[in-house]
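Work through the exercises below with the sequence and the model open. Try each task before reading its solution.

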Amino acid sequence: MEIVLIEKALERNAGNTSEAAKDLHLQRTTLIEKIKKYGL
């Protein structure tokens with residue numbers, strides 16, 4: 001489920017991790033860690 005939410009947020013924000021993190025109410029660094037963890 002978390003993977004899908006991250007993928008959708010990245011799509012909505014054209015791959016911009018800063019904006020996707022704001023969408024998901026996460027810190028940018030946390031989002032980047034999750035992207036690496038899930039291999040996105």
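**Exercise 1. Fold inventory**

How many helices and how many strands does the secondary structure of the protein hold?

Solution. This is a predicted model; local features need pLDDT of at least 70, side-chain atom pairs count only at pLDDT 80 or more, and totals for chains, interfaces and linings use all residues. Residues are numbered from 1 along each chain as its sequence is written, and side-chain values use heavy atoms, with hydrogens and water left out.

Step 1. Assign elements from DSSP runs, numbered from the N terminus: helices are H or I with at least four residues, strands are E with at least two. Step 2. Count: the protein has 3 helices and 0 strands. Step 3. Read the order from the N terminus: α-α-α. Step 4.

**Exercise 2. The core**

Find which residues form the largest nonpolar core.

Solution. Step 1. Take buried residues (under 20% relative accessible area, 1.4 Å probe, protein chains only; exposed is over 50%, partly exposed in between). They make up 22% of the 40 residues. Step 2. Keep the buried Ala, Val, Leu, Ile, Met, Phe, Trp, Tyr and Cys residues joined through side-chain atoms within 4.5 Å; such a set is a nonpolar core. Step 3. The largest has 7 residues: Ile 6, Ala 9, Leu 10, Ala 20, Ala 21, Leu 31 and Ile 35. Step 4. Helices α1, α2 and α3 each give two or more residues to this core. The largest share, 3 residues, comes from α1.

Step 2. Check the contacts (heavy atoms within 4.5 Å) of one member. Leaving out residues up to four places away in sequence, Leu 31 touches Ile 6, Thr 17, Ala 20, Ala 21, Leu 24 and Leu 26.

**Exercise 3. Positive phi in the loops**

Locate Ala 14 and His 25, and give the phi of each.

Solution. Step 1. Step 2. Ala 14 sits in the loop between α1 (2–12) and α2. Its phi is near 50 degrees. Ala 14 is exposed, at 75% relative accessible area. Step 3. His 25 lies in the loop between α2 and α3 (28–38). Its phi is near 60 degrees. His 25 is also exposed, at 73% relative accessibility.

**Exercise 4. The start of α2**

Which backbone nitrogen does a side-chain oxygen of Asn 16 reach?

Solution. Step 1. Go to the start of α2 (residues 17–24). Step 2. The side-chain oxygen of Asn 16 comes to within 2.9 Å of the backbone nitrogen of Ser 18.

Methods. A polar contact is a pair of N or O atoms within 3.5 Å; within protein, one must be able to donate a hydrogen and the other to accept it, and residues adjacent in sequence count only if both atoms are side-chain atoms.
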